[in-house]
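Colleague: I am new to this one. Could you show it to me and then take my questions one at a time?

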Amino acid sequence: MNTDLIFCMGLALLILGVAVFVVGSREPFPAVVGFVIFGLLVSIAWMCLSAPDVALTEAAIGGGVTGALLLVATARLGDSSKKGQKTKTPMGFHGLVILLCVAVSAGLIAVVLTFPEPAPTLALVALEPLESTGVKNPVTAVLLAYRALDTLLETVVVLLAMAGVWSLAKDSDWSKTPLFGYSPEPGGPLVLLAKVLIPVGVIFGIYMVWTGSDHPGGKFQGAAILAAMGILGLVAGVTSVPAVTNAKLRWLLVLGPAVFLVVGLMGFLSVGYFLAWPPGLSKAVIVLIEVALTPSLALMLGLLVAGPPRQLPTSNS
Amino acid sequence: MTIPTIFGICASLLIGLGLYGIIIQTRVLRKLLAFNLVGTGVFLLFGVIGRRGAGGGLEGDPVVFGLVITGIVVAFSATALAVAILIRLHEETGDDSLVDEPPDEEGR
């Protein structure tokens, strides 16, 4: 048995252990912290599966930004709800649920153990026209050339989710800005961290977007890092967001999907299909879309974490 | 046993565990956490299928990996919307669980 295998077994056990903690923990706060750790461990699992692009996405979005979102939610919900926590589920029902879940897991494991040989794959189909797209990272080619429609719809989904979050604002809070409502002491460690880390993080995020066409990375991962820097800045109070009614903010949010859509429609003129890139210009078009999408995605991800616009409960500070 | 098989089994167990959490937990935030465990399990299982589809010098099927990246971002968006609804529910009713009525003395 080689060391890789032992490492992966240990990692899988660790992932399962943390997952049991997330489900079984009494209090919500430790469960959320466990979930962040879970996300980071799973991103290592993605590295073991030779998928660095997915590993970066899982670490940045699955663990990082989702973790921030859930931590904020835990803080806002507070410890108020003691009721409903102690409801006893009847013994028979509990047993039935365990039986169901074990059956689901056992069924899936049976599938895993009887996967067909040789495995079905689209790797060769994806590699064949890679040369013509001009990008070297096959995952980026999938996201922005072969399956560009998925990516276009995905950015629209993120935009719609954000519209949904904003629409949950109270009428009286509508012209306000999304806030975290946390005011750290000026000159404290958080403010220092924000001032030191944000410039480095922004450069790293932009690098991640740029390198994505040839190496692991890309707009989602880069945008998540930029969003994280924005969230840090907001929490530390060194940056601010304009009110959600601000026209410039809204234009910036739709910029990415709009450019994607317009360039996609131009495919009708140049090649004859929607989302078809003109031959020879593929790489330029892909980079243009990635650059246009990055600020929009970063803003959307950050604003999704910040939640609907609201007024601070204590407005005297 | 190979590396994909190990993570395939791990993913299968995660899905079962998450499903248990979704049904048993009463507080919505905990249900959301469990829901994300199921999601991660599904992505991981799909990733295992992608890893097995290695070919042509690639260490996996890029189509699968691309779809998983899309899935992770969409799952985050859905979670964010769910959290916003939950917080609004909490503001309106002061409750963050899906139990219809608070358990009274004769309830057990």
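**Loops, helices and contacts**

Colleague: Where is the place of Pro118(A)?
Modeller: Helices (H or I, at least four residues) and strands (E, at least two) are DSSP runs, numbered from the N terminus. Counted that way, the place of Pro118(A) is in the loop between H4 and H5 of chain A.

Colleague: What kind of model am I looking at?
Modeller: Residues are numbered from 1 along each chain as its sequence is written, while chains are lettered from A and ligands numbered from 1 in the order in which they are written. Local features need pLDDT of at least 70, side-chain atom pairs count only at pLDDT 80 or more, and totals for chains, interfaces and linings use all residues, as this is a predicted model.

Colleague: Is the peptide bond that joins Glu117(A) and Pro118(A) cis or trans?
Modeller: Most peptide bonds are trans. Here, omega is about -10 degrees, and the bond that joins Glu117(A) and Pro118(A) is cis.

Colleague: Is Ser50(A) buried or partly exposed?
Modeller: Ser50(A) sits in the loop between H2 and H3 of chain A, and has a positive phi of about 60 degrees although it is not a glycine. A residue is buried if 20 or more other C-beta atoms lie within 10 Å of its own, exposed if 12 or fewer, and partly exposed in between, with C-beta atoms placed from the backbone. With 18 other C-beta atoms within 10 Å, Ser50(A) is partly exposed.

Colleague: And Leu275(A): buried or exposed?
Modeller: Leu275(A) is in the loop between H11 and H12 of chain A, and its phi is positive, about 60 degrees, although it is not a glycine. Because 22 other C-beta atoms lie within 10 Å, Leu275(A) is buried.

Colleague: Which proline follows the bend in H11(A)?
Modeller: H11(A), residues 247-270, reaches 33 Å from its first C-alpha to its last, close to the expected 34 Å. The helix bends by about 45 degrees at Leu255(A), and the proline that follows within four residues is Pro257(A).

Colleague: Which helix gives the most to the side of chain A that touches chain B?
Modeller: Two residues are in contact if their C-beta atoms, placed from the backbone, lie within 7 Å. In this sense 81 residues of chain A are in contact with 74 residues of chain B. With 14 residues, the helix that gives the most to this side of chain A is H3(A).

Colleague: What does Val22(A) contact in chain B?
Modeller: Val22(A) lies in helix H1 of chain A, and is buried, with 25 other C-beta atoms within 10 Å. Leaving aside neighbours within four places in sequence, Val22(A) is in contact with residues including Phe35(A) and Phe38(A), and, in chain B, with Leu33(B) and Leu37(B).

Colleague: Which residues touch the most other members of the largest nonpolar core?
Modeller: A nonpolar core is a set of buried Ala, Val, Leu, Ile, Met, Phe, Trp, Tyr and Cys residues joined through C-beta atoms within 7 Å. The largest one has 125 residues, and those touching the most other members are Val65(A) and Phe7(B).

Colleague: What is the radius of gyration of chain B?
Modeller: Chain B has three helices and zero strands. The radius of gyration is taken over C-alpha atoms, and the globule rule is 2.2 Å times the number of residues to the power 0.38. That rule gives 13 Å for 108 residues, so chain B is more spread out than a compact globule, with a radius of gyration of 19 Å.

Colleague: How many residues of H3(B) are buried?
Modeller: The 32 residues of H3(B), residues 62-93, should span 46 Å, which agrees with end C-alpha atoms 46 Å apart. H3(B) is mostly covered, and of its 32 residues the number buried is 24.

Notes: Expected span 1.5 Å × (residues − 1). Bend = angle between axes of the 7 residues up to and from the residue.
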